[in-house]
Amino acid sequence: MQIKGEQLAAQLEQGIKPLYVVCGDAPLLVLEAADTIRHSARQQGYTEREVLTALAGFDWGQLAAATDNLSLFGGRKLVDLRIPNGKPGKDGSAALASYCQRMSPDNVLLLTLPQLDWKEEKAAWFTTLAQAGIVVRLNAPPLAELPGWIAGRLRRQQQQAEAEGLRFMAERVEGNLLAAHQEIQKLALLYPAGHLSLEQIREAVLNVARYNVDDLREALLAGDLSRLTRTLEGLQQEGESPVLVLWAMTEEIRTLAQAKAGLARGQAQDSLFRELRVWGPRQGLVRRAVQALGGRALKEALELAARLDRSIKGLDAGGSGNVWEGFLRLGLLLARR
């Protein structure tokens, strides 16, 4: 059974289960969910804990030994298994399937995974786990929902802020939940419970965003000019290579152009996306961008990208001005939908 993070506490109150799988793309939320399960297990009598980390060469016999052996102190045990790469392999898959067939109320297996791709989620080992236990999926909220997430965290420490202050914090942390968590805790240390003004937030919150080309690609596909501008400025200030930035933007533009041409030829969207290696949530962004953009805009964007490439390499005799301004012009072409 799969549940959302906010449903976990209520489920644990009904009685702990022998198997929990915690996974997602938000390390902070995954860590908090695992801590909640561990705390609940202690309260419900699982006083012994054994930690296993399945790195390369891991002996999966350790899992059977940990779950089959009686506790040294006569109590019940929580086995805390982490698979950092999210791939148990053949031996691990067999070991996990074996555990699911012989689960005991004297043991709880807490399995922590990173975010899984669609292939792993459809793999036999994962579907077996989902059928036998509780899967808690923890993903970071989209940027549009981040102010609400921050507001909820502030309420936990009896603080509130106006919408403008919440948006300011969300923009400064640029989707980094760990950074947002740190800044929220800082506000609790600096100010008493109650209302926080925008000025107080501005004074306390640091610019902790860590910009990367993946953020840039997402903003480009979404046509979010404000975020794209902030990300370009951040990449420039952090000294990112213009070659890498241009490559990231050009890859997305080529994908959009190829997707639009393929759909115009009558190619099925699913097969086209597989061919272009467009997976998961990115499919929605690409689909909306293709629908909104005309072929002319994509052609102009590819031509500008080619000029910027020549300029970066010093081959454009006429010059294309500041290359970072060129990146912004490139974004403007795709944001006018």
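There are 18 salt bridges in this structure, which is a predicted model. Some of them join up: D35, R38, R49, D80 and R82 form one salt-bridge network.

- Side chains of opposite charge can pair when their charged atoms come close.
- Take K77 and E50 to begin with: their side chains form a salt bridge with an N to O distance of 3.3 Å. This pair ties together distant parts of the chain, since K77 sits in strand 4 (residues 77–82) and E50 in strand 3 (residues 48–53), 27 residues apart.
- K77 counts as buried because its relative accessibility is 4%, while E50, at 27%, counts as partly exposed.
- D80 and R82 make another bridge, at 2.9 Å from N to O. D80 has a relative accessible area of 0%, so it is buried, whereas R82 is partly exposed at 29%. Both residues belong to the network mentioned above, along with D35, R38 and R49.
- K313 and D309 pair up as well, at 3.2 Å, N to O. K313 counts as exposed because its relative accessibility is 54%, and D309 is partly exposed, with a relative accessible area of 29%.

- Looking past its neighbours within four places in sequence, I150 is in contact with L166, M169, A170 and I184.

**R153, a charged residue under cover**

- You'll find R153 in helix 7 (residues 146–156).
- The side chain of R153 has a polar contact of 2.7 Å with the side chain of E32.
- With neighbours within four places in sequence set aside, R153 is in contact with L28, L29, E32, H181 and I184. I184 also shows up among the contacts of I150.

**Helices 11 and 15**

- Helix 11 is mostly covered, with seven of its ten residues buried. Those residues are V213, D215, L216, R217, A219, L220 and L221.
- The cover over the buried residues of helix 11 includes helix 12 (225–237), helix 13, helix 15 and helix 17 (323–335).
- What happens at the N-terminal end of helix 11? N212 caps it, with a side-chain oxygen 2.9 Å from the backbone nitrogen of D214. After helix 11 comes G223, which has a positive phi, near 70°.
- Helix 15 (residues 282–292) has its own buried residues: G284, L285, V286, A289 and V290. An α-helix has 3.6 residues a turn, so residues three or four places apart point the same way.
- Which helices do the buried residues of helix 15 pack against? They pack against helix 11 (213–222), helix 13 (242–264) and helix 14 (269–276).

Conventions:
Residues are numbered from 1 along each chain as its sequence is written. This is a predicted model: local features need pLDDT of at least 70, side-chain atom pairs count only at pLDDT 80 or more; totals for chains, interfaces and linings use all residues. Side-chain values use heavy atoms; hydrogens and water are left out. Buried means under 20% relative accessible area, exposed over 50%, partly exposed in between (1.4 Å probe, protein chains only). Helices (H or I, at least four residues) and strands (E, at least two) are DSSP runs, numbered from the N terminus. Contact means heavy atoms within 4.5 Å. A polar contact is a pair of N or O atoms within 3.5 Å; within protein, one must be able to donate a hydrogen and the other to accept it, and residues adjacent in sequence count only if both atoms are side-chain atoms. A salt bridge is a side-chain nitrogen of Lys or Arg within 4 Å of a carboxyl oxygen of Asp or Glu.
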